[in-house]
Amino acid sequence: MVPDGDLTERAVKSGLWASAITAGNRGLQIVTLVVIAGLLGPTALGLLGIALLTLAVLEVFSNLGMDAALIQRREANVDAYLDTAWVMQVVRGVVLAVVAWTIAPHAAVFFGEPRSVDLIRAIGFSPLLLGLRNPAVMYFQKNLEFHRQFGYQLSGTVVDVSVALVLAITTGSVWALVLGKLAGDVTRTLVSYLIHDYRPSVRADLSKGRELFGYGKWIMGASITAFLLGQGDDVFVGWFLGATALGLYQLAYRLANAPATEITKVISSTMFPTYSKLQDDRSAVRAAYFRVLQFTSFLTFPMSVGILVTAPLFVTGFLGEEWLPMVPVLQVLTLWGLLLSVGANVGPLFRALGRPDLETKVKVWKLLVVALLIYPATDAYGVVGTAGAVIVASLLTSEPLANYWGLKLIDGTVRQFARTLAYPTATSLAMGGVVYAVRESVTLAPAVEFVVLVVVGMAAYAGAVLVVESTTDYDVGSMLSLIRRNLA
């Protein structure tokens, strides 16, 4: 499983390792979040959400895009840039920690939650801890060495969730999540020096810094608009509806978008460096893009449909009745997650082909529509209206624009795009129909019924895929065979 061979084989093996990273990281985090949500309730999660949102605002408006700039460069060895990148990240971390400490009382007033002041100040040390990490860990992505990235990432996650769970059970305080995150950050920084032998020094080259920032500024622009789109709704909910509503909305978002965001994060992390290496051969990029789109939709579509159908049972069985107002929000956001799983494949394409500006422009258009819709929708329908505003904005702007420009860059066709998505759409809807029918005809304890429906859904989807494989030329078999060969 060490990524070797030609670029395709390395990309596939790296994708499997990246999948393991995501499954390990997010699997542990989501299980921990569900357990702690049941212990602490939505208000506590909302207070943590306020602290994380404040930090996210500071981080996104100071995102230098160093890693992306280094990964995108054609040369294999970028050691000459690492010291400069490290110094810039450390300085950024110090500045953010100071700013977070200073503005914490003002942020608490903005959200109407004075209990969040100390949480904001504590979590503000996270960028500094991560800024001190070894800058050479960037090579794990650049060189598709995701087996090494696995150890680096998962070490921090294991410490994070272990500390958070122990403290949540013993203290019943939201501080469990804050201290868990900081412990995970310290662990990742320490491991980064154990897993790579590069040692940075306090040395900066202004010309190299400007060169990196010339590319990174577009990443910053995309990050700012991505934050406003991805978490601007959280900020609005926290300000307009309060901490409890924010806790409900944020957990619904995490659960609803887990398939889309985590799988597409894997795709992005592996395909950005892969596309970068192929950037001079557009036909190869086009073939890789459609293969990735096929694989992504094959996984995310049934997972999203499954969440949509089983949401009431999951919430009742694993979180408790105080979380029931989250169900409609969870179902609406699941639809957005499905859209995201398609559009998110285009981001790595824009960056690798030297057009990060397109990603920023797409998000700006969507942001304008969300800004117009979010207040009246939330005022009329609460957090469900907030989720609806996000979906409508996606359908009107970001999804059609991103996919149109992506296809244009690689000389792809709308027909091929639609055909790639047609089969997972049909098989996922068939699966959803079967699961819904079983749900309506069976009455068990909610947690038990949820598990039963998951098994039924997996069997139904497998059957639908077999029908597609035997009656069409969608070629699911070769895709699965490629994965099996690289697991051998």
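Reader: Why is Asp185 counted as buried?

Author: The model is a predicted one. In it, Asp185 has a relative accessibility of 2%; buried means under 20%, so Asp185 counts as buried.

Reader: What makes the pairing of Asp185 with Lys181 a salt bridge?

Author: The closest N and O atoms of the two residues are 3.9 Å apart. A salt bridge requires a side-chain nitrogen of Lys or Arg within 4 Å of a carboxyl oxygen of Asp or Glu, and the pair therefore qualifies. Lys181 itself is partly exposed, because its relative accessible area is 25%, which lies between the limits of 20% and 50%.

Reader: What shows that the length of helix H9 agrees with expectation?

Author: Helix H9 covers residues 175-195, and at 1.5 Å a residue its 21 residues should span 30 Å. Its end C-alpha atoms are 30 Å apart, so the two values agree. Buried residues of H9 include Ala176, Leu177, Val178, Gly180 and Leu182.

Reader: How many salt bridges are counted in total, and what of the one between Arg115 and Glu113?

Author: The count comes to 4 salt bridges. The side chains of Arg115 and Glu113 meet at 3.0 Å, N to O, and the limit is 4 Å, so this pair is a salt bridge. Arg115 is exposed, with a relative accessible area of 52%, whereas Glu113 counts as buried at 11%.

Reader: Why is Val31 called exposed?

Author: Its relative accessible area is 53%, and exposed means over 50%, so Val31 is called exposed. Val31 lies in helix H1. Together with Val35, Leu39 and Ile169, Val31 forms a nonpolar patch on the surface, with about 380 Å² of accessible area together. Helix H1, residues 7-40, gives the largest share of that patch, 3 residues.

Reader: What makes helix H11 mostly covered?

Author: Of the 10 residues in helix H11, 7 are buried, among them Asp233, Val235 and Phe236. H11 is followed by Gly242, whose phi is positive, near 100°.

Reader: Which residues touch the most other members of the largest nonpolar core?

Author: In this core of 75 residues they are Leu251, Leu319, Trp323, Met326 and Leu330. Leu330, for instance, touches Leu255, Ile307 and Val315, among others, not counting residues up to four places away in sequence. Apart from this core lies another, of 21 residues, including Val292 and Leu409.

Notes:
Residues numbered from 1 in each chain as written. Predicted model: local features only at pLDDT ≥ 70, side-chain atom pairs only at ≥ 80, totals over all residues. Heavy atoms only, no water. Patch = residues over 30% accessible without salt bridge, like charges linked within 9 Å, V, L, I, M, F, W, Y side chains within 5 Å. Areas by Shrake-Rupley, 256 points an atom, 1.4 Å probe, with all protein chains shown as cover. Helix = DSSP H or I, 4+ residues; strand = E, 2+ residues; numbered from the N terminus. Buried < 20%, exposed > 50% of the residue type's maximum accessible area, 1.4 Å probe, protein only. Core = buried A, V, L, I, M, F, W, Y, C linked by side-chain atoms within 4.5 Å. Contact = heavy atoms within 4.5 Å. Expected span 1.5 Å × (residues − 1).
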